[in-house]
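Q: I would like to learn how to read a single-chain model, going from overall features to one residue. Where do we start?

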Amino acid sequence: MKIPAALKYSHVLLKQVVQRGDNVIDATMGNGNDTAFLAKLVGDHGNVYAFDIQDQALQKTKQRLIKSNLTKSVTLYHTGHQHILDTIGMTSISAAIFNLGYLPGGNKKIITRPTTTLSAIKQCLMILQKGGMIVLVLYYGHPGGKPEKNDVLQFASKLNQKQYTVLKYQFINQVNDPPILVAIQKL
Ligand code: SAM
């Protein structure tokens, strides 16, 4: 067995908590990898609400979902994740995934930002059901990445342990800022 990298481990964790028919969020749609993965987990009777600020991300994700016949349960929102509650209201969710940073193959200057990321995490915590999980994969090697990583880690490490279990997962002997996974489970 090979110890999974952060991105792969995010799917290992999501697989454990997401059931068919659930409502879930992809807070950073990008090229749609997580959106498609979540759509498979929730099946035709669940809902995946996916957010991105770039039209390119919506187009890529749409094509990807059509190709894999996964469109039925997915709604793509061309808006920032800081508007999650304005968009889906107090809909209860079993999971949310965030992949922070820039769109692979896209404009590296369009990145997730500390204030909006923290706002979105707090909104997800409000609608997260008990046993549910928010998984964050923090890429922070790019300009602007470190302050966001620090803010997310600081926020997550201060969550009350009677209400949440918080995991930090990272290879510690790798060069080039290997991504950090943070998982927050509501107790
Ligand atoms: N999970 C994606 C995938 O499977 O390809 C990769 C996500 S990429 C690392 C980060 C994405 O976050 C980019 O597509 C970027 O446009 C998006 N983003 C940046 N700010 C955002 C915001 N406020 N709300 C939602 N998405 C945002």
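Q: How many positive and how many negative side chains does the protein chain have, and how far apart do the centres of the two sets lie?
A: The model is predicted. Lys and Arg are counted as positive, Asp and Glu as negative. In the protein chain there are 21 positive and 10 negative side chains, and 6 Å separates the centres of the two sets.

Q: Which pattern does the protein chain follow along the sequence?
A: Helices and strands are listed from the N terminus. The protein chain has six helices and seven strands, in the pattern α-β-α-β-α-β-α-β-α-β-α-β-β. Its radius of gyration is 15 Å, close to the 16 Å from the globule rule for 187 residues, so the protein chain is as compact as a globular protein of that length. The C-alpha trace spans about 40 × 40 × 40 Å along its principal axes.

Q: What share of the contacts with a separation of 6 or more comes from residues 24 or more positions apart?
A: Such residues account for 73% of those contacts in the protein chain.

Q: What part of the accessible surface belongs to carbon and sulfur atoms?
A: These atoms hold 51% of about 9800 Å². Of the 187 residues, 49% count as buried.

Q: Is Thr35 buried or exposed?
A: Buried means under 20% relative accessible area. Thr35 counts as buried because its relative accessibility is 0%. Thr35 sits in helix 2, residues 33-42.

Q: Which residues is Thr35 in contact with, leaving aside its neighbours within four places in sequence?
A: Thr35 then contacts Asp26, Met29, Val48, Ala50, Thr61, Leu65, Val74 and Leu76.

Note on methods
Residues are numbered from 1 along each chain as its sequence is written. This is a predicted model: local features need pLDDT of at least 70, side-chain atom pairs count only at pLDDT 80 or more; totals for chains, interfaces and linings use all residues. Side-chain values use heavy atoms; hydrogens and water are left out. Helices (H or I, at least four residues) and strands (E, at least two) are DSSP runs, numbered from the N terminus. Buried means under 20% relative accessible area, exposed over 50%, partly exposed in between (1.4 Å probe, protein chains only). Contact means heavy atoms within 4.5 Å. The radius of gyration is taken over C-alpha atoms; the globule rule is 2.2 Å times the number of residues to the power 0.38. Accessible areas come from the Shrake-Rupley method with a 1.4 Å probe; for residues, only the protein chains shown count as cover. The place of a charge is taken as NZ of Lys, CZ of Arg, CG of Asp or CD of Glu.
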